[in-house]
Amino acid sequence: MTTAPRSLAEPVTEAAPTTPPYTSPYESYVYAYPHKTAYRPLHDRPLLRDLWAAEPQGALSLYLHIPFCEVRCGFCNLFTRIGAPGDMTSAYLDALERQSTAVRDALQGDARFAAAAFGGGTPTFLGARELSRLCDIAELRMGADLRAVPLSVETSPSTATADRLGVLAERGATRISIGVQSFIEAEARAAVRPQSPDEVAAALHRIRESGVPVLNIDLIYGIDGQTERSWQRSLDAALAWRPEELYLYPLYVRPLTGLARRDPGAPDPEWDAQRLRLHRHGRDHLLAAGYEQVSMRMFRLRGTAAPVSGDDHACQTDGMIGLGCGARSYTSRLHYAFDYAVGMREIRSIIDDYISRPASAFAHAEFGWEMTEDEARRRHLLQSVLQAEGMATADYRARFGSSPADDFPEELARCADRGWLDTAAAPERLRLSAEGLAHSDAVGPMLFSPAVRARMAAYGLK
Ligand code: SF4
């Protein structure tokens, strides 16, 4: 692996904290490493053409980000705004077209896409015709063959309408993921996700009717007032649809979100214990119902083929092209994106800026993180070991020429001391135990590099 020139990103000048002590099973959800709060302006604004010139482009992932939602759920810190006044969605699609043309030019005609995903926000905030246009952008501008590769699309109960789902099914969607969070109305309200059980059932019915082969349902545990009993009612209501996938998310209260009633940084052992209890209960219930655990959050119906994913979780080696103002892109040397924010005013201004850009403004990377050899090792380890199947140590050695135990002795010793490693799998595999998987949100942050930790700590939340 080569490393990017030092001038690509600002030097890390903040004090680099050492690995912090364990405080909670719920430190942070590591769905991508490093998090965007570690990104900084790239002062030399490298040309995408140069960044991609020497990259393998035979099996890229394509991600299109739609930053609009009807409401802002109380727990959500994703890059999205409430509503789209006037003709904002069509202006956003115009900008996506300009960006995709610029990016495709930078790839110089060699790129092949192995997976695609529309995420957000809520991609189905777009109407049926706009979704058709979004598929055109992926196919005609970017060259992705949506009917030949896995295509995952996120939706919500009120926007999963028959006409939108019809377009998606016809264009090749293979997976629809719907955020339900809770089938109990009072719990959905407590999570600031107002919706009625009837509305949810009608949406699930329409998704099944659409014929898209994989249905994923997202649920959340740790909501105020939620008990093992009410959690099981939600799980059973989801299981009635026999979804091919279920994601069980612990509730987080993050700064600047609607639920930030608690001090997000304050320890809350009682809440931690509630979430751990509900995690174990949910896990055991799904295992007994014929599901296999893929990661801390993900469960797959046994017998369902594992798709190639278009999101962050699957591939440690292939590149990703993200389009839209909240998307990231990955080369082997640089992760890059536009500016990031959680607060509504800042998000709006970043979206407005994105929409007003001419095509030439999409030819550069602006914010990012340089992937050094050490960071590539960490990312590989993180994304492999947080999967239930763990990581073949021979694969790691083949890629990096060393063993994880050589590279991360302190971190792995800490996991072993806490009983988070499955000793029966060693030495061929590095795998978390069931309790280790339950503590994935503590294991992940433990593997962050001091430089990433320092950058994240110094990030001024906005
Ligand atoms: S959780 Fe999903 S639907 Fe809710 S605000 Fe966030 S992106 Fe939108």
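**Where the domains meet**

A: The C-alpha centres of domain 1 and domain 2 lie 25 Å apart. Domain 1 covers 6–37 + 372–458, and domain 2 covers 48–301; such bounds come from an automatic or database domain assignment. This is a predicted model: local features need pLDDT of at least 70, side-chain atom pairs count only at pLDDT 80 or more, and totals for chains, interfaces and linings use all residues. Residues are numbered from 1 along each chain as its sequence is written.

Start with the contact. Domain 1 gives eleven residues to it, and domain 2 gives twelve (contact: C-beta atoms, placed from the backbone, within 7 Å). On the domain 1 side, seven of the residues are nonpolar, four are polar and none is charged. Here Ala, Val, Leu, Ile, Met, Phe, Trp, Tyr, Cys and Pro count as nonpolar, Asp, Glu, Lys and Arg as charged, and the others, Gly among them, as polar.

Now the core. The largest nonpolar core has 120 residues. Such a core is a set of buried Ala, Val, Leu, Ile, Met, Phe, Trp, Tyr and Cys residues joined through C-beta atoms within 7 Å; buried means that 20 or more other C-beta atoms lie within 10 Å of a residue's own, with C-beta atoms placed from the backbone. Both domain 1 and domain 2 give residues to this core, so it lies between them. Helix α2 (residues 88–107) supplies its largest share, eight residues; a helix is a DSSP run of H or I, at least four residues, numbered from the N terminus.

Leu-134 is among the residues with the most contacts inside the core. Leaving out residues up to four places away in sequence, Leu-134 touches Leu-64, Leu-93, Phe-118 and Leu-126.

Methods: A residue is buried if 20 or more other C-beta atoms lie within 10 Å of its own, exposed if 12 or fewer, and partly exposed in between; C-beta atoms are placed from the backbone. Helices (H or I, at least four residues) and strands (E, at least two) are DSSP runs, numbered from the N terminus. Two residues are in contact if their C-beta atoms, placed from the backbone, lie within 7 Å.
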